[in-house]
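Biologist: I am new to this entry and would like to be walked through it. Could we begin with the terms and then go through the chain?

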Amino acid sequence: MNQWMVLFNKELVEMSRNFKWIWVPIVFILLAVKEPLTLHYMPQIIDALGGLPEGAVIEIPVPSASEVLIAILGQFNTLGVLIIVLTSMGIIAAERKSGVAAIILVKPVSYASFVTSKWTAAMLLMWVSYFIGYVASWYYVVILFEAVPFIDFFQSFLLNGIWLSFVLTMTIFINSFNKSPGVVGFISIAIIILLSLLSSLFSRWIEWSPSLLPTYTSTFLLNNEIPDNVLSAVIVAIIGMIILLICSISIFRRKELA
């Protein structure tokens, strides 16, 4: 355990040196607050830009608080996912390429501790940033639109967060067999797009897919009722993350010993 904590602290310190604890939460906050501010002040923005005929009246339907939260989660599931991939695509691959991983593993350090310490640190950074951003968005939604019950906010936060965790774990897995961070990022994005596309096209047959969790979260916010297939998607996502993590350790060990 001491060995694992040393590796985990090393990851946290490295993230601090790279200012990830500053810029990643800030990016999530900007993604989150942009939507409620833009949607609330859209008529004023259009009016300020000008170019409309004199006497024209701008009438834009005011979205509900749930619709605004769905739009915010949409930002997290597009640009937020991109940030998660960018911050984690070199977490193992870059150290393998530079030889740092080999130097660390010469010492009596287990491969499981090496991979899981990095995964935990990356997961902590993601959840903290995501939580701060979503809380900031909730504040603006309550101020500018209407109150959203905290339990609804928290449940939607957890459901969508499981999908983001799955994305992060998959990126860590791809790190285990590739030394190029750029290639890791490309493959991760390609798989995420493919999963989302397949889930959209065949949603009736793969209702358990983790990539449907964002859709289920939106449905929950709109109807205030948890869809029937949420539990199966959550279970598959958690089992999938465990399998990906075990495979990451196994493949990483095999690559380093080869």
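Modeller: Let us start with a term: two residues are in contact when they have heavy atoms within 4.5 Å of each other. The model is a predicted one, in which local features need pLDDT of at least 70, side-chain atom pairs count only at pLDDT 80 or more, and totals for chains, interfaces and linings use all residues. Residues are numbered from 1 along each chain as its sequence is written, and side-chain values use heavy atoms, with hydrogens and water left out.

Biologist: Which residues does I70 contact, leaving aside neighbours within four places in sequence?

Modeller: With those neighbours set aside, I70 is in contact with S218, L221 and L222. I70 itself lies in helix α4, residues 65-88. Helices here are DSSP runs of H or I with at least four residues, strands are runs of E with at least two, and both are numbered from the N terminus.

Biologist: How many helices and strands does the chain have?

Modeller: The chain has 11 helices and zero strands. Its C-alpha atoms fill a box of roughly 75 × 40 × 30 Å along the principal axes. Of the contacts with a separation of 6 or more, 80% are between residues 24 or more positions apart.

Biologist: What share of the residues is buried?

Modeller: Buried residues make up 44% of the 258 residues. Buried means under 20% relative accessible area, exposed means over 50%, and partly exposed is in between, using a 1.4 Å probe and protein chains only.

Biologist: Is S188 buried or exposed?

Modeller: S188 counts as buried because its relative accessibility is 0%. S188 sits in helix α9, residues 181-201. Beyond its neighbours within four places in sequence, S188 is in contact with V85, M170, T171 and I174.

Biologist: And what does M89 touch?

Modeller: Not counting residues up to four places away in sequence, M89 touches T171, N175, P181, V184 and G185. The C-alpha atoms of M89 and G182 are separated by 7.2 Å, although these residues are 93 apart along the chain.

Biologist: Where does UniProt place the feature "transmembrane region"?

Modeller: The unreviewed UniProt entry places it at residues 21-42, 68-94, 121-141, 153-174, 186-206 and 230-252. Such annotations may be inferred rather than shown by experiment. In the model, residues 21-42 are 95% helix and 0% strand, with end C-alpha atoms 32 Å apart. Residues 153-174 are 100% helix and 0% strand, and their end C-alpha atoms are 32 Å apart.

Biologist: Where is confidence lowest, and where is it highest?

Modeller: Confidence is lowest in helix α3 (residues 42-49), at a mean of 77, and highest in helix α8 (residues 150-175), at 95. The score is pLDDT, the predictor's confidence in each residue, from 0 to 100. The chain has a mean pLDDT of 90, and 95% of its residues reach 70 or more.
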